[in-house]
Amino acid sequence: MKLRRHDLHTLSGAYVLDAVDSAAEYDRYEHHLGRCQSCAGEVRELREVTTDLAMAATVQPPPALRPQVLAAVRRTRQLPPVIEDEPRRGRLWGWWPGLWSGWLPRLAVGCAAAGAAAVVVLAVILVGVQHRLDDAQSQNHAIAAVLAAPDARVVTRPTSAGGRATVVLSRAERELIVTTEGLPPLPRDKVYEAWLINPRQTRPAGLLPTATGGRTQPLLATGLARGDTLGLTVEPAGGSAQPTTRPIVLMPLST
Amino acid sequence: MEMLARCGKQNPGAGRPFGLRLRMVGMDPRDIHAAPGAQAAGQVAELDLNRLLALVARGDEAAFEAVYDRLAGAAYGLILKVLRDPAQSEEVAQEVLLEVWRTASRFDPAKGSAATWVMTIAHRRAVDRVRSVTATVARDQQAAPPPPALDEVADAVEANLTRERVRNCLGGLTELQRESITLAYYGGYSYPQVAKLLGAALSTIKTRIRDGLIRMRDCLGVSG
């Protein structure tokens, strides 16, 4: 079914009632909304109407619902807020429009002047960008996999240095995520390092990123084995091969 | 705290004097800069929904309970209208409310009110459920349950007022507008299904739904 522009405008009502069933039509309308300000305003207003329709349907919910929901809330981790200037798409092509409006045109002019050598430089830069995006994306995927694992478990412990460390682990994924809150900031030449410790060996599990607002970004560690304990130590910048100080926290990870 | 909320539910207004007393001793219940969780239940319950959701995004369970007490009845009622089966509706309502907790940090007040955000999630989940084949079979086998008594709801007065206003405004629409909107929203039908049910052209139903909602907007005095 071919939609004319006029037809797209009149879809706002069906759209706010969730009555647009065809995925193609839905996508086309959402695309249109991104470019049509008056449509977006209309959708916002009509959605408020549907809220009144919903409120008018209010009934007493079953008494069991409240304790069920609150219990579920207690064991459910929340999504972090979206940071606006994060790359919206991990793939290189998603970045092209942004690049074109920024430094790329200038760089392209330079390329034309400098010839083939500069083109190679550009290619190298872009490959680097692609790698960083791929890394960020695969890290995000891996973190999401741990959080979504059916056997995901959370362990939290206070540390002897203050603050606390939290680990989310999945035995099935053999991975874990480490975050901390309220750990004392370290001088430039020191870093917090995570370890996976068991009676046979102690393996480095990664360096905690620098904290922002008292919290560290999640650190993903792989190769979780049965009987592992997670430890955190303070190490010289760059990390160590084996712990050189006494752990500030030890978290047994077996059930 | 749970006890207190329960009392409030059975006896509308019972929570009010508590909130009032707190205000009289000079504490500002609207101060959201206080540490999450540090507020008394009465204080949290007085915050507007947008602020409550901001607290929920930071993991404040008391704020979530207040959101629950204000919106669970509408979310459950809407889902029940669409699905008709109380057991399924309870299940979907639980999913929706948990989704509110989980994704509270994604709520953007610039895009609409907190109630709208929650009801949008609720309606989408209900419609998703109704459009899956198994659910349709289950729904067809269920008789419509009698609606629970509204006067047990905490905000019964407010809900009744909204219901009255909505009924009035729906009454001001043409029959085709009204039927299209109620079949799509409360019935969970897609607009091509509505067109088929009403024996009208697709484009007609599409425009009637839009015209009807615009007329509702003007009647209800909704401002964007």
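Okay, which residues are exposed on the other side of α3(A)? Keep that in mind while I go through the helix, and remember that we're looking at a predicted model.

So, helix α3 of chain A runs over residues 23-35. Its 13 residues reach 19 Å from first C-alpha to last, close to the 18 Å expected at 1.5 Å a residue. Glu25(A), Tyr29(A), His32(A) and Leu33(A) are its buried residues. They sit on the same side of α3(A), because the arc they cover around the axis is only 105 degrees. In general, an α-helix has 3.6 residues a turn, so residues three or four places apart point the same way. And back to my opening question: the exposed ones on the other side of α3(A) are Ala23(A), Ala24(A), His31(A), Gly34(A) and Arg35(A).

Now over to chain B, for two helix pairs.

Take α10, residues 175-185, and α12, residues 202-220: their axes come within 8 Å and cross at roughly 95 degrees. From α10(B), the residues in contact are Leu176(B), Gln177(B), Ser180(B), Ile181(B) and Ala184(B). Among their partners in α12(B) are Ile205(B), Arg208(B), Asp211(B) and Leu213(B). By class, this contact has 6 nonpolar, 4 polar and 3 charged residues.

The other pair is α4(B), residues 49-57, with α7(B), residues 114-131; here the axes come within 8 Å and cross at roughly 65 degrees. Leu49(B), Asn50(B) and Leu53(B) from α4(B) meet Ala114(B), Ala115(B) and Trp117(B) from α7(B).

Key: Residues are numbered from 1 along each chain as its sequence is written. Chains are lettered from A and ligands numbered from 1 in the order in which they are written. This is a predicted model: local features need pLDDT of at least 70, side-chain atom pairs count only at pLDDT 80 or more; totals for chains, interfaces and linings use all residues. Side-chain values use heavy atoms; hydrogens and water are left out. Axes are lines fitted to C-alpha atoms, for helices over the stretch in contact, and angles run from 0 to 180 degrees between N-to-C directions. Helices (H or I, at least four residues) and strands (E, at least two) are DSSP runs, numbered from the N terminus. Contact means heavy atoms within 4.5 Å. Ala, Val, Leu, Ile, Met, Phe, Trp, Tyr, Cys and Pro count as nonpolar, Asp, Glu, Lys and Arg as charged, and the others, Gly among them, as polar. The expected span of a helix is 1.5 Å times one less than its number of residues. Buried means under 20% relative accessible area, exposed over 50%, partly exposed in between (1.4 Å probe, protein chains only). The arc is that of the directions from the helix axis to the C-beta atoms.
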